[in-house]
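Colleague: I have a protein to discuss before the next meeting. Could you take me through the structure?

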Amino acid sequence: MDIINALLDEIYEGRFPVAARERLLSHIRAARDTAKLPRKAHWDEKDVVLISYADQFREADKPTLASFSHFYQQHLQSTFNLVHLLPFFPYSSDDGFSVIDYHQVNPICGEWQHIAALHSETRLMFDFVCNHMSAHSQWFRHFLALDPGWDDFFISMPPATDLSAVTRPRTSPLLTPFAMADGETRYIWTTFSADQIDLNFANPEVLIRMVGVLLDYLIKGADYVRLDAVGYMWKTPGTNCIHLPKTHQLVKLFRAIANEVAPGTVIVTETNVPHKDNISYFGDGHDEAQMVYQFSLPPLVLHAIHSGSARALRQWASTLGTDRVGTTFFNFLASHDGIGLNPARGILSEVEIVALVRDLALEGALVSYKNNPDGTTSLTRSTSPISMLSTNSKMMMTRVCVASCWHTRFCSLSQACPLSIFKASSVREMITKAYAPQDTIAPLTGKNTQCVRWSNGSAAAIRYASRFTNASAP
């Protein structure tokens with residue numbers, strides 16, 4: 001507990017209330033005594049992660065998690081030994097990333113017993129959506145109602161406040177007006193959308209509540225915990241409000257709590273930012289995330305495929321090094337958000353990035369933008385419906401060394417499912433076939449062809465006719 005206490009003193013500069021501290025520590029001690037599910041001591045090259053929404057597969061009159069579990073056992077278990085379920089909680093927008101209740105399972109998906117049943121078959125990664133929650137949540141309703149104890153749970157700012165330095169991942173307004181119970185209008189910090197209200201970690205009560213969420217996930221057996229949008233957690237007006245020192249201290253606190261309660265739990269940070277900022281979440285190698293998403297990989301692979309040259313990909317890969325002990329990259333080719341472009345900055349030139357996006361847009365890609373402090377907008381990511389990615393790319397596989405994805409959002413198991421032809425053994429063979437180092441990549445040909453060749457000799461190449469198509473929702 002010494003590390004936890006020291007971090008509380010650092011974050012709150014010695015002003016964390018004594019009674020609140022004891023309440024927090026008692027929750028941690030109780031969770032430590034309750035969390036008995038064992039964790040794998042360390043990851044290795046055999047760990048292959050399936051990333052999926054919990055409502056991926058649907059059958060009439062059956063919770064989607066039950067359908068998913070059945071499909072997993074029948075078709076996927078021999079290849080994937082860890083499942084990352086994207087947020088499976090009640091939500092109001094953003095496909096689950098606007099959580100209404102952190103402690104409940106979305107009724108469409110099932111109940112905690114269905115999570116437990118799946119966990120009996122595989123290890124699980126949970127999403128800890130720690131930066132924001134739904135405007136429809138009970139917490140935010142308490143805040144709007146001016147209920148005692150809920151003031152300062154969220155961040156109010158006068159609308160004239162100069163927030164021009166704040167890093168913006170979206171073009172939506174940073175401050176959103178809400179009517180309070182007394183008729184006053186308050187302008188609330190909303191980094192991602194008007195429905196996603198940023199939490200105020202400067203309030204110790206918010207920290208206690210959010211640690212309670214983390215403890216609940218550890219008790220329920222989360223082997224990996226993904227910290228969503230973690231870089232924005234701490235806000236200080238006048239700064240860029242991303243990657244602030246106290247944000248890193250919060251990550252250290254979450255890591256220390258996981259170590260105390262459930263040793264072996266892997267903390268994974270999701271920071272879709274340039275490489276140097278991304279790897280800062282490794283901390284000193286022992287005190288922050290064990291894994292960070294390898295966000296530079298997807299846009300560089302996309303650029304290599306599109307240009308026919310792996311030069312930039314090879315040069316970047318040669319700088320990564322293999323001497324890490326206790327940390328590693330979480331490699332993937334696409335996420336539910338598409339392909340982020342910010343992480344390619346400093347590796348590809350701005351001219352190359354703009355040209356890539358221009359060409360993909362002509363082929364039907366969807367492009368997201370963000371607001372810059374000077375009032376301009378810039379590219380953030382591309383969600384491409386061309387052969388490599390799909391606009392509905394919602395289910396992915398990934399491993400510590402290699403990643404790929406396929407295209408679907410919903411599959412109705414009462415109909416012909418496009419994934420029913422999937423053979424797990426062929427996927428393992430597909431994603432582990434190594435190619436010799438090579439700078440040239442054959443241009444992508446054929447509507448349903450995927451081609452990836454990494455040229456650093458330690459990665460793999462994938463070239464196959466994709467059998468997977470977009471399935472319509474039942």
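Modeller: The discussion below goes from the overall fold to selected helices, aromatic residues and loops. Please note that this is a predicted model.

Colleague: Understood. How many helices and strands does the protein have?

Modeller: The protein has 12 helices and 20 strands.

Colleague: And what share of the residues counts as buried?

Modeller: Of the 474 residues, 57% count as buried. The accessible surface of the protein is about 18,700 Å², and carbon and sulfur atoms contribute 53% of that surface.

Colleague: What part of the contacts comes from residues 24 or more positions apart?

Modeller: Among contacts with a separation of 6 or more, such residues account for 71%.

Colleague: Let us turn to helix 2. What is its span from first C-alpha to last?

Modeller: Helix 2 covers residues 18–34, which is 17 residues, and reaches 24 Å between those atoms. That is close to the 24 Å expected at 1.5 Å a residue.

Colleague: Which of its residues are buried?

Modeller: The buried residues of helix 2 include Ala-20, Arg-21, Leu-24, Leu-25, Ile-28 and Ala-31. They lie on the same side of helix 2, because they cover an arc of only 130 degrees around the axis.

Colleague: Staying with Trp-112, what lies over its face?

Modeller: Lys-220 lies over the face of Trp-112, at 4.7 Å from the ring centre.

Colleague: On to aromatics. How many aromatic pairs are there?

Modeller: The structure holds 28 aromatic pairs. One of them joins Trp-139 and Trp-150, a tilted pair with 6.2 Å centre to centre and 50 degrees between the planes.

Colleague: Which parts does that pair tie together?

Modeller: Trp-139 lies in helix 5 (residues 138–144), and Trp-150 is in the loop between helix 5 and strand 6 (175–179), so the pair ties together parts that are 11 residues apart in sequence.

Colleague: Are both residues buried or exposed?

Modeller: Both Trp-139 and Trp-150 are buried. Phe-153 and Phe-154 also form a tilted aromatic pair, at 6.4 Å centre to centre and with 50 degrees between the planes. Phe-153 is buried at a relative accessible area of 2%, and Phe-154 is buried at 1%.

Colleague: Which cluster do these residues form part of?

Modeller: One aromatic cluster is formed by Tyr-102, Trp-139, Phe-140, Phe-143, Trp-150, Phe-153, Phe-154 and Phe-178.

Colleague: Now the loops. Where is Asn-106?

Modeller: Asn-106 lies in the loop between strand 3 (82–85) and helix 4 (112–119). Asn-106 is buried, with a relative accessible area of 12%. Leaving aside neighbours within four places in sequence, Asn-106 is in contact with Phe-88, Phe-89, Pro-90 and Tyr-91. Asn-106 and Phe-88 are 18 residues apart in sequence, yet their C-alpha atoms are 5.8 Å apart.

Colleague: What is phi for Asp-94 and His-243?

Modeller: Phi is near 55 degrees for Asp-94 and near 60 degrees for His-243. Most residues other than glycine have a negative phi.

Colleague: Where do those two sit?

Modeller: Asp-94 is in the loop between strand 3 and helix 4, and at 39% relative accessibility Asp-94 counts as partly exposed. His-243 is in the loop between strand 9 (224–227) and helix 7, and is buried with a relative accessible area of 17%.

Key: Residues numbered from 1 in each chain as written. Predicted model: local features only at pLDDT ≥ 70, side-chain atom pairs only at ≥ 80, totals over all residues. Heavy atoms only, no water. Helix = DSSP H or I, 4+ residues; strand = E, 2+ residues; numbered from the N terminus. Buried < 20%, exposed > 50% of the residue type's maximum accessible area, 1.4 Å probe, protein only. Contact = heavy atoms within 4.5 Å. Areas by Shrake-Rupley, 256 points an atom, 1.4 Å probe, with all protein chains shown as cover. Expected span 1.5 Å × (residues − 1). Arc of directions from axis to C-beta. Phe/Tyr/Trp six-rings, centres within 6.5 Å; stacked < 30°, edge-to-face > 60°. Lys NZ or Arg CZ within 6 Å of the ring centre and 35° of its normal.
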